[in-house]
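User: I'm new to this structure and would like a close look at one part of it, the salt bridges and the charged spots around them. Could you walk me through that, starting with some background on the chain they sit in?

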Amino acid sequence: MSARGISLVAGRREGVLDILFQGNFWEGVLDILYIYGLSGLWTHALRKRRETRNVAGVELFNIDLDIAYHWVLTWMSLQIPGIGVLSSEAPQHMHFKYTLNDLRKNPGVNIALLVVLVFSAFLMASGAMVMERTLGSVNALFDQAKPPHFLQMHKGAYDKAALDAFATAHPEIDSWLIEDMVGYDSAVLAWARPGTTESGTLSKSLIDNLFVTQNTAFDFLLDADSTIAYPADGETFVPVAYQQRFGLQAGDELRIRTDVGIESFVIAGFVRDSQMASSLSSATRFLVSDADFERLHTSGGSPEIIVEYRLADPAQTSNFQAAYESDQSLPKNGQAVTGDMIRIINAISDGLVAIALMFVSLLLIAIALLNVRFVIRGRLQDEVHQIGAMKAIGLPNSTISGLYLSKYSAMTLIACVIGGGLAIVASRALTSGMQASYATAPVTALTFLAPIAALVLVFLVVIAICRHVLRLINRIEVVGALVHGSTLNERQTARRGKRLARRVRRSAFTSYRGGDLGRRISLVDLRSEAGQWMLLPLVFLLAVVLITLPTNLLTTFQSPKFVTYMGAPESDLRIDLQFSDDLEQVREDADTAFATDSRLAQVHRFANELVETRGDEGWESMRVEVGDYSGNTIQYLRGGPPSAGEISLSVLNADRYGVDVDDEFTVRRDGSEVTLTVNGVYQDITSGGQTAKMAGDATGIVTGYIYYATTAAGQDPTVIATDYGDRFPAATVVPMREYVSQTLSYVTSAFFNAALLAIVFAIGVAALITTLNLTLRLAREKRRSGILSALGFSGSELAAQLRFKAILTVVIGTMIGVAVAATLGEALVGAAISLAGLGISNLAFIPNPLLVYVAYPLLLMAVGTISAVAVSSRLRRGDTSAWLRA
Amino acid sequence: MTLSEAPSTSPALVTTALVTTALEKSYHSTEPPTRVLNGIDLAVRQGEFLAVMGASGSGKSTLLYCISGMDRPTAGHVRLGDLDLTELSERDMSHTRLTKMGFIFQQAYFLSNFNLRDNILLPALKAQPKARAEVEARVDAMLERFGIAHVADHGITQVSGGQLQRASICRALATKPAVLFADEPTGALNSSMTLEVMDALTGVHRDGTTIMMVTHDPACAVRADRVVYLRDGLLVDERDLGAWQQADTSRREDELLSWLRDHDF
Ligand SMILES: Nc1ncnc2c1ncn2[C@@H]1O[C@H](COP(=O)(O)OP(=O)(O)OP(=O)(O)O)[C@@H](O)[C@H]1O
Ligand SMILES: [Mg+2]
């Protein structure tokens with residue numbers, strides 16, 4: 001384009017040189033990038049051809065990714081005005097001396113802008129990559145492990161013939177199996193590292209430990225290489241979740257204290273469990289050999305089964321579930337799980353990290369764009385004389401804006417290059433943990449398209465904003481620019497003058513009664529230049545939202561109150577009596593024990609009863625919690641707890657049966673139909689979110705009991721839990737807080753990472769933008785500083801004024817941010833969560849107010865203050881004459 | 001503030017408002033460093049109106065900046081009354097500038113977010129934050145005196161250059177300074193505005209204010225009691241003109257012009 005045209009001009013006016021050589025600098029950078037892109041394309045393509053023969057998925061993936069990356073680089077560099085110079089007299093135009101001059105003139109601004117752009121590109125690309133890899137990983141695991149489409153857990157005796165009959169009657173079943181399992185309590189499991197003194201127990205785990213043999217048809221347990229694991233006698237494969245949690249290694253010894261003595265296994269490896277990868281299913285499987293399984297089976301473990309089905313058409317799962325549940329003869333006293341639930345839960349734990357990354361990067365992009373806008377506008381204002389001069393000699397607007405655009409688009413391109421490169425490295429690190437839990441995702445076109453599309457998106461959006469801001473150049477008038485140094489035209493100038501005159505008419509000191517004069521004039525400046533001071537509060541507003549939301553989600557999921565989303569009342573202890581032959585006897589013992597225990601303040605017992613309701617396919621089973629709800633603290637979305645003749649349903653059940661509060665609902669208990677009134681709808685994420693509550697005593701098939709107990713003041717729930725755990729081996733006694741944290745550990749650890757990431761980036765960006773913005777302000781306020789200093793304001797007083805303005809705007813932005821995060825933020829995140837279909841339709845944050853509404857804002861304000869102090873200290877020297885001469 | 005140990009009993013020193021001894025200034029930002037002031041020895045008497053003349057680039061502005069602490073001299077001393085200014089901290093120097101010095105620049109340096117009167121009030125209020133009523137009365141009287149009271153609440157882009165420069169004088173005087181510095185106060189004005197401003201300055205001088213003014217314009221310099229000539233950072237000559245009377249303006253002007261011609265001005 002312009003290079004030849006401008007060199008005509010270059011000699012005429014010194015100012016024009018400035019821009020010209022900046023343009024050339026960036027053109028030079030572009031040329032280098034272009035060459036880099038092309039050469040990378042060439043070398044990587046060669047390497048790819050060489051290595052295609054010894055196919056190794058991950059290696060090839062990297063090369064492919066690099067090739068795609070270089071290809072996009074080349075393409076993007078071609079999009080930038082100025083690259084055309086390459087074809088003509090490019091080398092003569094690379095004036096590196098002037099390049100250095102430009103950098104020396106505004107190094108801070110250029111670098112800071114670049115860093116923000118790099119952050120944005122990096123997060124956007126890695127968010128896309130992690131997302132793609134996660135989904136890919138989960139899908140790959142599913143392909144190899146072939147999880148069931150529907151499974152039903154069951155404890156105790158069952159009718160095998162009924163299962164056979166059901167299978168023959170349902171041709172939609174592709175295959176099915178009964179998996180025998182034997183459960184051992186975590187308390188009897190221990191590990192030791194041979195040759196060292198390292199050892200420990202697994203008793204901290206509240207999850208059921210089920211020992212199984214490898215399945216033969218489907219639902220395979222896969223080892224680290226995604227192959228189906230077959231332990232030899234004396235070996236075991238341990239769940240990956242335990243490997244991570246207890247730091248286990250292959251070769252360690254696993255000991256089980258059975259009724260007949262210690263069974264000892266060598267840990268041969270770790271297995272990924274597709275259906276139980278998420279601990280929301282509160283059980284996990286250990287793999288042992290057939291012979292070992294037989295021995296464990298007869299040495300005191302509690303037997304359990306899972307009936308599993310794969311269907312010809314997975315879309316039919318819910319119909320199939322209804323059919324299964326409507327058959328009374330089938331075993332069903334445990335949890336039923338569908339493939340969709342498994343998939344959602346698996347995707348959500350790591351998927352949330354990806355979503356959080358994308359969310360963080362979107363906010364960062366917003367910040368980067370705001371920043372680009374402010375920087376460019378400031379730049380145009382500073383260089384308005386040169387722009388006027390170029391217009392005066394007749395250069396078209398497009399040429400002039402091309403000069404600026406080439407610089408900023410080159411900068412964005414460099415940011416995309418660096419950010420994309422960093423994302424490749426980072427996403428490898430981020431996904432390595434995930435690849436351990438799931439399978440290595442196959443490389444598909446999407447693998448490259450996702451991050452590249454994200455980068456291209458960043459690039460295009462930034463360029464669009466640049467173009468938009470640069471349209472200002474079209475409106476600049478030669479006379480206004482050259483004579484008044486103003487970007488405004490005559491009418492705008494007049495209007496602005498009038499506005500200013502109106503504002504200054506009233507004295508700024510009318511109400512002044514002594515006190516800090518510097519603050520007074522700072523306030524007047526802020527009011528008059530509000531537009532130019534907008535960036536800081538906006539950035540801090542976004543930063544607050546950025547760090548508050550993930551943390552609020554985290555504390556919500558970690559809160560003891562979160563159990564109210566799990567359909568349980570707030571309490572200190574939860575005691576589970578699972579189905580066994582002497583269930584009623586155990587219950588009676590437990591009742592007496594709890595009633596006479598002064599350490600417990602309140603105990604509520606609920607029975608898990610299976611009733612039937614009318615579904616699409618006739619009668620089907622539904623789990624109901626039956627008991628006394630009068631003193632209950634569970635939160636109801638609509639309505640309240642059930643009393644006699646009433647039922648309350650979970651959100652998902654209410655949706656499934658299409659009923660709401662005050663509707664009639666018919667159930668069949670113990671063979672007789674009862675019509676109840678729906679009295680309440682509550683949120684529940686346990687048992688697939690499909691539960692119900694009824695008042696009174698259980699009259700039908702009871703599958704277990706749950707006690708919720710609150711402890712007396714000063715009692716430690718953990719101690720009581722251990723005590724009862726020993727006294728009632730058949731019961732699972734857990735402190736509520738731990739129960740919540742363990743069942744949700746996958747999700748919460750994901751949120752923790754997201755929250756940490758958000759804080760790090762928010763602080764970095766806040767510090768960066770504050771520094772950048774204040775540096776720009778300082779440069780533009782030189783004249784003002786000079787005047788005030790000449791009048792007798794000391795350097796430290798000027799510094800205090802800048803600090804005052806900065807801190808005031810930062811505080812205002814932060815405050816508004818807190819308000820926005822608390823109101824809009826909750827609605828936003830709540831909507832996203834309810835879409836996920838977890839059984840929560842109305843998420844109310846349970847924030848840690850001290851943390852998010854006091855500590856975080858203080859932290860951000862401190863960051864703003866420190867940056868302001870750092871920048872303002874440059875005013876200390878009081879360079880009066882230099883400021884005045886500026 | 002550092003009190004100098006200067007003997008205050010000497011009658012010659014009592015009437016000296018400002019003394020510079022061997023004042024030097026070099027800028028190190030250039031290669032080789034630029035030596036702008038080469039050892040200036042200058043004494044300004046109490047109540048004197050001193051004009052500083054010299055070619056462009058000879059260091060006149062730099063001299064004013066170094067004396068007033070807006071620039072740090074490389075070597076030498078500046079003494080204002082009993083104070084050694086070169087030994088003051090930046091903060092004390094600023095305070096001295098606020099309470100003892102007034103400035104008038106060639107360009108009118110005003111804050112655009114304040115009206116004319118607020119700009120004038122600003123340094124005075126800073127010097128006496130508790131005495132707003134007194135300060136306002138003083139400033140309003142000055143606005144009347146210099147004929148700009150009717151534009152007092154105008155924005156600074158809504159008044160003429162002469163009015164703006166008279167406002168500069170008001171602002172400089174509002175703190176009742178010991179010395180008034182003026183760097184080409186009429187440099188940007190046409191001849192009628194120049195006359196307005198010089199009349200104002202002469203009036204101020206009559207009231208007893210010490211003035212040190214840099215100017216290129218012999219018609220302005222002629223109003224001074226004494227003219228010094230600066231060349232390449234050195235004071236090369238000075239000329240006592242005696243007290244200015246309206247009547248003998250043209251004689252003084254001829255005298256001054258021939259003196260300047262001797263210096264190739
Ligand atoms: N920051 C600086 N760095 C280097 N040299 C400087 C700097 N400021 C001024 N100078 C040089 O000092 C010399 C004197 O400058 P000064 O402004 O004092 O001259 P002046 O006598 O006021 O000229 P004029 O009549 O044009 O106002 C000039 O040659 C100028 O180039
Ligand atoms: Mg000068």
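Analyst: Let's start with the background. Of the 886 residues in chain A, 56% count as buried, where buried means under 20% relative accessible area, exposed means over 50%, and partly exposed is in between (1.4 Å probe, protein chains only). Keep in mind that this is a predicted model, in which local features need pLDDT of at least 70, side-chain atom pairs count only at pLDDT 80 or more, and totals for chains, interfaces and linings use all residues. Residues are numbered from 1 along each chain as its sequence is written, chains are lettered from A and ligands numbered from 1 in the order in which they are written, and side-chain values use heavy atoms, with hydrogens and water left out.

Chain A has 28 helices and 21 strands; these are DSSP runs numbered from the N terminus, with helices (H or I) of at least four residues and strands (E) of at least two. Its accessible surface comes to about 36,300 Å², and 57% of that belongs to carbon and sulfur atoms. Accessible areas come from the Shrake-Rupley method with a 1.4 Å probe, and for residues only the protein chains shown count as cover. As for contacts (heavy atoms within 4.5 Å), take those in chain A with a separation of 6 or more: residues 24 or more positions apart account for 83% of them.

Now to the salt bridges. The term stands for a side-chain nitrogen of Lys or Arg within 4 Å of a carboxyl oxygen of Asp or Glu. Over all chains, a search of the whole structure finds 42 of them.

Take Lys805(A) and Glu781(A), whose closest N and O atoms are 3.4 Å apart in their salt bridge. Lys805(A) belongs to helix H26 (residues 795-835) of chain A, while Glu781(A) is in the loop between helix H24 (745-780) and helix H25 (782-791), so this pair ties together parts that are 24 residues apart in sequence. Both Lys805(A) and Glu781(A) are buried.

Helix H26 also takes part in a link to the other chain. Lys126(B) forms a salt bridge with Glu797(A), with 2.5 Å between the closest N and O atoms. This pair crosses between chains, running from helix H4 (residues 116-127) of chain B, where Lys126(B) sits, to helix H26 of chain A, where Glu797(A) sits. Lys126(B) is buried at a relative accessible area of 18%, whereas Glu797(A) is partly exposed at 27%.

Chain B has a salt bridge of its own to look at: Arg45(B) pairs with Glu48(B), and the closest N and O atoms are 3.4 Å apart.

Lys and Arg count as positive and Asp and Glu as negative, while His and the chain ends are not counted. The place of a charge is taken as NZ of Lys, CZ of Arg, CG of Asp or CD of Glu.

One such patch is positive and takes in Arg491(A), Arg495(A), Arg496(A), Lys498(A), Arg499(A), Arg502(A) and Arg505(A). Among them, Lys498(A) is found in helix H17 (residues 490-505) of chain A, and Lys498(A) is exposed, with a relative accessible area of 59%. A patch of negative charge is formed on the surface by Asp180(A), Asp233(A), Asp290(A) and Glu294(A). Of these, Asp180(A) lies in strand E2 (residues 173-184) of chain A and is partly exposed, at 39% relative accessible area.

For contrast, there's a nonpolar surface patch too: Val479(A), Leu482(A) and Val483(A) make one of about 260 Å². Leu482(A) has its place in helix H16 (residues 478-484) of chain A, and Leu482(A) is partly exposed, with a relative accessible area of 30%.

Technical notes
Patch = residues over 30% accessible without salt bridge, like charges linked within 9 Å, V, L, I, M, F, W, Y side chains within 5 Å.
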